[in-house]
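Good morning, everyone, and thank you for making the time.

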Amino acid sequence: DLGLESATAESLKAAKRHEADSYQRTLAASKAERKRIEERQDRQLKAAMSSSLVQAEQRAQRRLQDDEEAARQASLAEFEEIERQLQAEDRAKAQAESQAAAALRQQQELEYQRSLEEDRRKEEERLQAEQLKAEEERKAREEAQRLQAEAEEAQRAAQAEAQQSERRLAELLAKAEAALPPEPTDSKDVCVLMIQVPSGERLKRKFSVQDTVAGVQAYARVEIGKLLSDVEAEAENQTLWKNLVLNDFLIKRPFEGELEATKTLKDAGISGMEKLVVEERL
C-alpha cells in the first residue's frame, strides 16, 4: 500500500510537471506568435506609411511645380505690365519735356521783356536817385553850414559867458579876500577851525576869537573859489557861492544872516578847536 501511494504520488507530480511544461511551451509559443504578428503589423504599417509619404511627396512636388509655373506666369504678366507702364511713362515724359521746352521758351521771352522793362525802370530810378541825392547833399551842406554857424555862435556865446563868469568869480574872490582877516601869529585868544566844504575837502586855519563869523565865511569862500576855479560849471559855482552856510558840526547850528555874520567868534560861542561844515542853503 505504501509503495502504491508513493507511486501514485510520483505519477501525480510527473503529470503536474508535464502539465506545467506544456503550459510553459504553449505560453512561449503564444508569445512568439504574438511577436511575429506585431512585427508583421509593424512592417505593414511602415510600408503603408512609406507609401503615403511617397504619395504626399509626389503631391507636394506637383503642387510646387504648379506654384512655380503660376509664379512664372504672374512674373511674366507683371513684367509685361511694367513694360507697358514704362513705355507709357516714356511717352508722357517726352510729351511733358516738349511742353516744358515750349513753356520755357515762352517764359524766357517774357523774362527777357521784363528784364528790358526792369532795366529801363532802374535807369529811371537811378537818374531820379542821383537827382534826389544831389538835392539832399545840397540841403545837407546848407544844414551843415547852418549848424556850424549856430555852433560857432553858441561857442562864442559860451566863451563870453565863461569870461563873464570868470570875471564874476574873480570879483567874488577879490571881495572875499578883502573881507578875510589875517591869520594870527600868536596863540593868545586864538581858535583853530576845521572847516569841511561841500566837495569833501577839509580846511584848517587859525582865527582870533575877535574875528567875525563873516571873516570865517570869507575864508571858506576864498578856499572854495580856489577849488572851483577850474570847474566848467560856473553857474553852479555862483549858486554855491551865494548860498553858503556855516554849520556847527556838533549841534548843527547854522551861522547865517547879517546878525550872525557880524558876531565875533567868541560871541558866537566858537573857541578853542572847533569843526564847522559848509553847506549849501536849499
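Glutamate 143 and arginine 146 both belong to helix 1, where they sit three residues apart, which is about one turn of the helix. Their side chains meet in a salt bridge, with N to O at 2.3 Å. Side chains of opposite charge can pair when their charged atoms come close. Are these two residues buried or exposed, or something in between? Glutamate 143 has a relative accessibility of 35% and therefore counts as partly exposed, and arginine 146, with a relative accessible area of 38%, is partly exposed as well.

Staying in helix 1, which covers residues 2-179, we find arginine 138 and glutamate 142 four residues apart, again about one turn of the helix. Arginine 138 forms a salt bridge with glutamate 142, and the closest N and O atoms are 2.7 Å apart. Arginine 138 is partly exposed at a relative accessible area of 32%, while glutamate 142, at 43%, is also counted as partly exposed.

Further along helix 1 there is another such pair, glutamate 153 and arginine 156, three residues apart and so about one turn of the helix from each other. The salt bridge between their side chains is 2.6 Å, N to O. For glutamate 153 the relative accessible area is 45%, which makes this residue partly exposed, and arginine 156, with 45% relative accessibility, is partly exposed too. If you search the whole structure, you find 13 salt bridges.

Before we leave helix 1, please look at leucine 169, which has its place in that helix. Leucine 169 is buried, because its relative accessible area is 8% and the cut-off for buried is under 20%. In sequence, leucine 169 and lysine 226 are separated by 57 residues, and in space their C-alpha atoms are 10.0 Å apart.

Let me now move to the loop between helix 1 and strand 1, where we find aspartate 189. Most residues other than glycine have a negative phi. Aspartate 189, however, has a positive phi, near 50°. With a relative accessibility of 45%, aspartate 189 counts as partly exposed.

Strand 1 and strand 2 run antiparallel and are joined by seven bridges. Which residue of strand 2 stands opposite isoleucine 195? That residue is leucine 203, and the bridge partner of leucine 193 in strand 2 is arginine 205. The hairpin formed by strand 1 and strand 2 has five residues between the strands, and in this hairpin glycine 200 takes a positive phi near 100°. Strand 1 is mostly covered, since five of its seven residues are buried.

This brings me to the largest nonpolar core, which has 17 residues, and in which Cys191, Leu193, Ile195, Phe207, Val216, Leu265 and Ile270 are the residues with the most contacts inside the core. Two or more residues are given to this core by each of strand 1 (190-196), strand 2 (202-208), helix 2 (213-228) and strand 5 (273-280). Which element gives the largest share? Helix 2 does, with five residues.

Finally, a word on confidence. The protein chain has an average pLDDT of 80, and 85% of the residues score at least 70. Where in the chain is confidence lowest, and where is it highest? The lowest mean, 47, belongs to helix 3 (residues 234-242), and the highest, 91, to strand 2. Over residues 231-241 the pLDDT stays under 50, and for this stretch the model has 23 contacts beyond four places in sequence. Where pLDDT is low, the predicted coordinates should not be read in detail.

Technical notes
Residues are numbered from 1 along each chain as its sequence is written. Side-chain values use heavy atoms; hydrogens and water are left out. A nonpolar core is a set of buried Ala, Val, Leu, Ile, Met, Phe, Trp, Tyr and Cys residues joined through side-chain atoms within 4.5 Å. Buried means under 20% relative accessible area, exposed over 50%, partly exposed in between (1.4 Å probe, protein chains only). Two strands pair if DSSP finds at least two bridges between them. A salt bridge is a side-chain nitrogen of Lys or Arg within 4 Å of a carboxyl oxygen of Asp or Glu. pLDDT is the predictor's confidence in each residue, from 0 to 100. Contact means heavy atoms within 4.5 Å.
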